[in-house]
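Here are some questions about how terms are applied to a structure. Each answer sets a value against a definition.

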Amino acid sequence: MRALYWKEINAFFGNLSGFLILAVFLISIGLMVWVFPDSSVLAYGFADLEPLFVYTPYVFTFLIPAITMKMIAEERKSGTWEILRTSPLGDLAIILAKFLAAFTLVFIAVLPTLVYYYSIVQLGEPVGNIDHAGFFGSWIGLLLIGAVFASIGIFASALTSHQIIAFIWGVFMIFLLYFGLTALVQLQVMSSFALLLEELSLSYHYESMSRGVIEAQNVAYFLSIMILMLGLTVILIRRK
């Protein structure tokens with residue numbers, strides 16, 4: 001698993017596209033947090049990084065499928081998937097190694113945002129005037145939603161041998177689970193299922209954690225979705 005894990009990490013950073021994906025993510029988030037007038041922390045006037053946690057899932061919707069789209073699809077297209085399946089690793093170990101690599105890349109992408117935390121600490125009046133526990137609670141929630149998106153992206157990559165189709169499937173499923181279920185709540189015909197749909201949506205549990213409060217039910221929900229998606233991926237590759 002360690003060899004497969006490092007293979008995925010090296011494959012991502014082994015070409016320019018990997019660095020380009022991370023650069024686009026950091027530039028997009030930086031513009032939203034510091035530059036755009038509607039979301040800028042400087043214009044907001046409070047020592048708070050709420051825009052970071054509000055807008056990052058929107059960028060994650062496209063960033064994470066771009067990271068995961070070739071992890072299984074490219075293996076199939078290049079013919080190395082059959083070789084990998086005959087290795088001593090089991091199907092679950094293969095999927096877990098790829099998932100952990102994807103999550104590591106998400107963590108690397110999110111890690112520089114701690115610079116924003118330091119900046120707000122220094123800009124506060126007095127210095128350090130920020131809800132530290134609230135920030136790190138929200139930051140952990142950001143990592144959890146990134147892990148869930150990565151598991152969905154891995155599943156999407158297992159659906160096809162074409163990277164672009166895997167990317168589209170990943171964006172669609174993330175959009176459906178994060179934004180779509182919440183949008184259905186607004187429909188009159190779905191009013192009787194409103195509470196159920198809202199509690200099933202990723203955004204409901206993420207927004208609960210983005211307030212800085214880590215509750216067991218939200219963590220359990222994210223872990224359940226990750227286990228479900230990885231389990232479905234294992235079943236899918238065995239059937240194929």
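Q: How far apart are the mean positions of the positive and negative charges of the protein?
A: The 11 positive and the 14 negative charges have mean positions 20 Å apart. Lys and Arg count as positive and Asp and Glu as negative, while His and the chain ends are not counted. A charge is placed at NZ of Lys, CZ of Arg, CG of Asp or CD of Glu.

Q: What kind of model is this, and how are residues numbered?
A: The model is predicted: local features need pLDDT of at least 70, side-chain atom pairs count only at pLDDT 80 or more, and totals for chains, interfaces and linings use all residues. Numbering starts from 1 along each chain as its sequence is written, and side-chain values use heavy atoms, with hydrogens and water left out.

Q: Why is Lys 98 called buried?
A: Buried means under 20% relative accessible area (exposed is over 50%, partly exposed in between; 1.4 Å probe, protein chains only). Lys 98 has 0% relative accessibility, so Lys 98 counts as buried. Buried residues make up 48% of the 240 residues in the protein.

Q: Where is Lys 98, and what is in contact with Lys 98 beyond its neighbours within four places in sequence?
A: Lys 98 is in helix H7, residues 91-110; a helix is a DSSP run (H or I) of at least four residues, numbered from the N terminus. Contact means heavy atoms within 4.5 Å, and the partners of Lys 98 include Glu 8, Glu 75 and Trp 81.

Q: How many helices and strands does the protein have?
A: The protein has 13 helices and zero strands (a strand is an E run of at least two residues).
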